[in-house]
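Hi,

Here is the structure I promised to pass on to you.

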Amino acid sequence: MSASSPISRPATDWTPKGTFRGPLVRELLARVGAQGRQIKFYGEDNYNVTIPASDFSKYDVILARTWNNKPLQLNDFGPFWVMYPIQNMSTSETSGIFIAKLAWQVTRIEVK
């Protein structure tokens, strides 16, 4: 994976603007040799979301490990949070059910 983690500064509907750091999901998947068309993320709170693998080629999606330089904990969306570069995306790309892709408290990933 890249030596320097990507940085994202989005504000979501429920969080203020902040700095998120973590590996690019596409690099993480490549490193472990995962191949598939869909990636399913499972949260500690029993939430899960399936995201097309093509999103990770199209966007610099990270699996955030820190927020404002503090490790994410279960009580603040951790241990991992799927974070898109919202600030670089158009309104049409982030409208509708897009927000459902921002899974937090991620504890497991399944490649299909």
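This is a predicted model: local features need pLDDT of at least 70, side-chain atom pairs count only at pLDDT 80 or more; totals for chains, interfaces and linings use all residues.

The protein has 2 helices and 9 strands, and from the N terminus the order of elements is β-β-α-β-β-α-β-β-β-β-β. Of its 112 residues, 40% are buried. Taking contacts between residues at least 6 apart in sequence, 60% join residues at least 24 apart. The accessible surface is about 6,500 Å², with 49% of that belonging to carbon and sulfur atoms.

Searching the whole structure gives 10 aromatic pairs. One of them is F20 with W81: the ring centres are 5.2 Å apart and the planes sit at 85 degrees, so this pair is edge-to-face. It links distant parts of the chain, as F20 belongs to strand β2 (residues 20-21) and W81 to strand β8 (residues 81-83), 61 residues apart. F20 is buried, at a relative accessible area of 0%, and W81 is buried with a value of 0%.

W81 also forms an edge-to-face pair with W67, at 5.7 Å centre to centre and 85 degrees between the planes. Here strand β6 (residues 66-67), which holds W67, is linked to strand β8, with W67 and W81 14 residues apart. W67 has 14% relative accessibility and so counts as buried, the cut-off being under 20%.

F20, W67 and W81 belong to one aromatic cluster together with F77 and W104. Elsewhere, R108 lies over the face of Y42, 3.7 Å from the ring centre.

Best wishes

Definitions and conventions: Residues are numbered from 1 along each chain as its sequence is written. Side-chain values use heavy atoms; hydrogens and water are left out. Helices (H or I, at least four residues) and strands (E, at least two) are DSSP runs, numbered from the N terminus. Buried means under 20% relative accessible area, exposed over 50%, partly exposed in between (1.4 Å probe, protein chains only). Contact means heavy atoms within 4.5 Å. Accessible areas come from the Shrake-Rupley method with a 1.4 Å probe; for residues, only the protein chains shown count as cover. Rings of Phe, Tyr and Trp (its six-membered ring) pair if their centres lie within 6.5 Å; planes under 30 degrees apart count as stacked, over 60 as edge-to-face and the rest as tilted. A charge sits over a ring if NZ of Lys or CZ of Arg is within 6 Å of the ring centre and within 35 degrees of the ring normal.
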